[in-house]
Amino acid sequence: MSTSRSFDALRLSKPELAVFVSGVASMGLEILAGRMIAPQFGSSIYTWGGIIGVFLAALSYGYYRGGKLAARRATNDRMARVFLLTAAYVAGLIFLGDLLLRATSGFPLPSRFASLPAITLLFGPPTYFLGYISPYAAELSTKEGLGEASGHVYALGTIGSIVGAFATTYLLIPSLGVEQIAFVFGLLSVVTAFVLARPGIARDQTVASVLVVAVLVAAVGSGAAGLSVEGRVVYETQTPYQELQVVDLGDTRTLYLDGQRHSAMDKSDPDRHVFDYTRYFHLPLLMTDDVDRVLFIGGGGFTGPKRFAEDYDVTVDVAEIDPVVIDTAEQYFRVEESENLNIYNTGGRQFLQETNQTYDLIVLDAYQKDKVPFELTTEEFMRLADSRLSEDGILFANVISAPTGPASRFYRAEYKTMSQVFPQLYSFPTAGGGVVQNIEVVATKNESVVTEEQLLARNDRRDIGIDLDHEIRNYQRTTETDDVPVLRDDRAPVDSLLDPMVGQRYVIQQSNGSGPSNATGSLVAPGDSGPYAVGAQTTPTPPVAAPVRER
């Protein structure tokens, strides 16, 4: 008897089930919103602040409206209709989400508020609908007293939100695409509506349920056409960190992370540098005499690590935080570990803290236009990198920013921060002008200044397998830093420094051949024709001796 009573106590009533599922769905949709919004607007603190604010506002308004109607309209049947409305709207998100995102990107708003119209239109209505559930459930609760009923509803809704947060983060996003995840929440809403309405389900509700399920299935089925405006989608998935696509256009295979070009490979000539900025990775070989061990923080398509491991007698370690990026590079970009190339699934700062290796060159390739891991930008990180460099070691940072103007604030703050640690800094803007571009910053521990003329002479004299004459002529020795802060662990306002770049074109120089890079062309990142363009790179986290892969 006691066991039977225990199971009865655990069994949820229909109102309790409704509250629990509404918590699961609302929190799951909130996390999903970040994945849908990021490719168009980035995933900065402003985007996430907007998502949280819109969801709270929509839920609050739903609570308010539902509370006013609960006394005379609260029934299980009406809650079932709320879940059907939510499912129908989710189906519309799958069908029209991308179109709505692009349509709302043109609102004339300051960049930090640019994502608010899209978040409100896409996720405000279903969250508002779900807000009705809690007051309805409180009204239908069998608990004695208003306080007990309200507390019970709040507790169940919060537990549902916790389940939704963990399930979406750790189960759904690593396993399914955005459309499939939305389908799961839509189907969950339909099933909940069916349970709430039974056993006496009206014919119109049955028809509505079947119709919504059919629309959901059609929507998710139409979302996998395998084509995009950039080319043919060879592979796409949601990783624990970002949206990932591999796209083929002619002989060029491109890795997109959160909707932005990150790396590219010429399938007919895999050793060619498709994006010009990767050629600059070889510049440190003209600034120091002895490079035996190299660390890349950030892997992506592994263009730089592959070339160094294949072309030079050096050991190359790569710290890449995203395991799916590693798998994708191996499957689609001809990356193979070898005696010269070790890949670690770990973050850059954690790697440096735990490794006992000393490097002659560290390449920091983990920044992106809208989302930069601040822990890889600070003075404390630079000192950590300095401690892992040899006596004449070099730190090379691939910074996405503008060299001058308001959009240059992040580059200039990073330059100032690096100058607190390294005695000599050199910058090489890759695209010219004041546009947002890849700016290669070289920091050396050597006190002596290397001039442009010396670099050109070394380029003629040394055989490093690549002609860098064009790249060297972008040499820049001084940068104005009086109006930007030094970035430190306790205060690194990276998001506000990146904010002026929203709406700026991100120009990637593309090499047109395997020869010198003076044959380059501007390649505007997708979405940059509109006011809310986004850039992309990766982030990196453990080894010590043998390269043990963490999956």
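1. Secondary structure. The protein chain holds 17 helices and 14 strands. The model is a predicted one.

2. Burial and surface. Of the 551 residues in the protein chain, 55% are buried. The chain exposes about 22600 Å². Carbon and sulfur atoms supply 54% of that area.

3. A nonpolar surface patch. Five side chains deserve a look together: Phe95, Leu96, Leu99, Leu211 and Val215 form a nonpolar patch on the surface. Their accessible area comes to about 470 Å² together. Two elements each give two or more residues to the patch, namely helix H4 (76–104) and helix H9 (203–222). H4 provides the largest share, 3 residues. Phe95 is a residue of helix H4.

4. Helix H8. This element covers residues 178–197, 20 residues in total. From first C-alpha to last, H8 reaches 29 Å, close to the 28 Å expected at 1.5 Å a residue. Which residues of H8 are buried? They are Val178, Ile181, Ala182, Phe183, Phe185, Gly186, Ser189, Val190, Thr192, Ala193, Leu196 and Ala197. When reading such a list, recall that an α-helix has 3.6 residues a turn, so residues three or four places apart point the same way.

5. Aromatic pairs. The count of aromatic pairs is 21. One of them joins Tyr367 and Phe410, with ring centres 5.7 Å apart and planes at 75°. Why is this pair called edge-to-face? The angle of 75° is the reason, because planes over 60 degrees apart fall in that class.

6. An aromatic cluster. Ring pairs also build a cluster. Its members are Phe275, Tyr277, Phe281, Phe296, Phe308, Tyr312 and Phe396.

7. Positive phi at Phe302. Phe302 is not a glycine, although its phi is positive, about 65°. Where does Phe302 lie? It is in the loop between strand E6 (293–297) and helix H10 (303–311). Phe302 has 1% relative accessibility, so it counts as buried. The cut-off for that class is under 20%.

8. Positive phi at Arg334. Arg334 is another residue other than glycine with a positive phi, near 55°. Its place is the loop between helix H11 (323–332) and strand E8 (341–344).

9. Thr478 is in the loop between helix H16 (469–472) and helix H17 (494–498). Its relative accessible area is 66%, so Thr478 is exposed; that class begins over 50%. Which distance separates the C-alpha atoms of Thr478 and Tyr426? The value is 7.7 Å, for two residues 52 residues apart along the chain.

Key
Residues are numbered from 1 along each chain as its sequence is written. This is a predicted model: local features need pLDDT of at least 70, side-chain atom pairs count only at pLDDT 80 or more; totals for chains, interfaces and linings use all residues. Side-chain values use heavy atoms; hydrogens and water are left out. Helices (H or I, at least four residues) and strands (E, at least two) are DSSP runs, numbered from the N terminus. Buried means under 20% relative accessible area, exposed over 50%, partly exposed in between (1.4 Å probe, protein chains only). Accessible areas come from the Shrake-Rupley method with a 1.4 Å probe; for residues, only the protein chains shown count as cover. Patches are made of residues with over 30% relative accessible area and no salt bridge: like charges are joined within 9 Å, nonpolar side chains (Val, Leu, Ile, Met, Phe, Trp, Tyr) within 5 Å. A salt bridge is a side-chain nitrogen of Lys or Arg within 4 Å of a carboxyl oxygen of Asp or Glu. The expected span of a helix is 1.5 Å times one less than its number of residues. Rings of Phe, Tyr and Trp (its six-membered ring) pair if their centres lie within 6.5 Å; planes under 30 degrees apart count as stacked, over 60 as edge-to-face and the rest as tilted.
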